[in-house]
Amino acid sequence: MQDSVRNYLASIGQRGGRASKRTLSPEEARLMVKIREARKAYQKFYTQCFWSYDPLLKIQASDISWVAMQLMKQGNRKTWELGRKLCH
């Protein structure tokens, strides 16, 4: 790769990195992780624990405790542990 191309791509990457950076408080970051984990659990264990609900339901922050309770009530030991992790 030529130096001019390499320098151009490096400058584009630096600008994109600066523009896309956002600062989150630790609480916001933890909440985002919990939402992501709840969404993954809803999809992964849909047939076992959430079969009577809309398969395209978009899990929000307010749904995390509900997802955790459904995992703990309707699933097995593995889902119970996952629900416990979502509660904390």
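## About the model

The model is predicted: local features need pLDDT of at least 70, side-chain atom pairs count only at pLDDT 80 or more, and totals for chains, interfaces and linings use all residues. Residues are numbered from 1 along each chain as its sequence is written, and side-chain values use heavy atoms, with hydrogens and water left out.

## Overall build

The chain holds five helices and zero strands, where helices (H or I, at least four residues) and strands (E, at least two) are DSSP runs numbered from the N terminus. Read from that end, the order of elements is α-α-α-α-α.

The radius of gyration of the chain is 20 Å, while a compact globule of 88 residues would have one near 12 Å; this radius is taken over C-alpha atoms, and the globule rule is 2.2 Å times the number of residues to the power 0.38. Along the principal axes, the C-alpha atoms fill a box of roughly 60 × 30 × 25 Å. Of the 88 residues, 20% are buried. Here buried means under 20% relative accessible area, exposed over 50%, and partly exposed in between (1.4 Å probe, protein chains only).

Ile35, Ala38, Ala41 and Tyr42 are the buried residues to look for in helix 2. Seen down the axis, the buried residues fall within an arc of 130°, so they line one face of the helix; the arc is that of the directions from the helix axis to the C-beta atoms. They pack against helix 3 (46–49), helix 4 (64–74) and helix 5 (77–87). On the face turned away from this buried side, you will find the exposed residues Pro26, Gln43 and Lys44.

## Salt bridges

Side chains of opposite charge can pair when their charged atoms come close. The whole structure has five salt bridges, each a side-chain nitrogen of Lys or Arg within 4 Å of a carboxyl oxygen of Asp or Glu. In helix 2, Lys40 and Glu37 sit three residues apart, about one turn, and their closest N and O atoms are 3.5 Å apart.

The closest N and O atoms are 3.3 Å apart for Arg77 and Glu81, and 3.0 Å apart for Arg84 and Glu81. Arg77 is exposed, at 61% relative accessible area, whereas Glu81 is partly exposed, at 24%.

Notes. Contact means heavy atoms within 4.5 Å.
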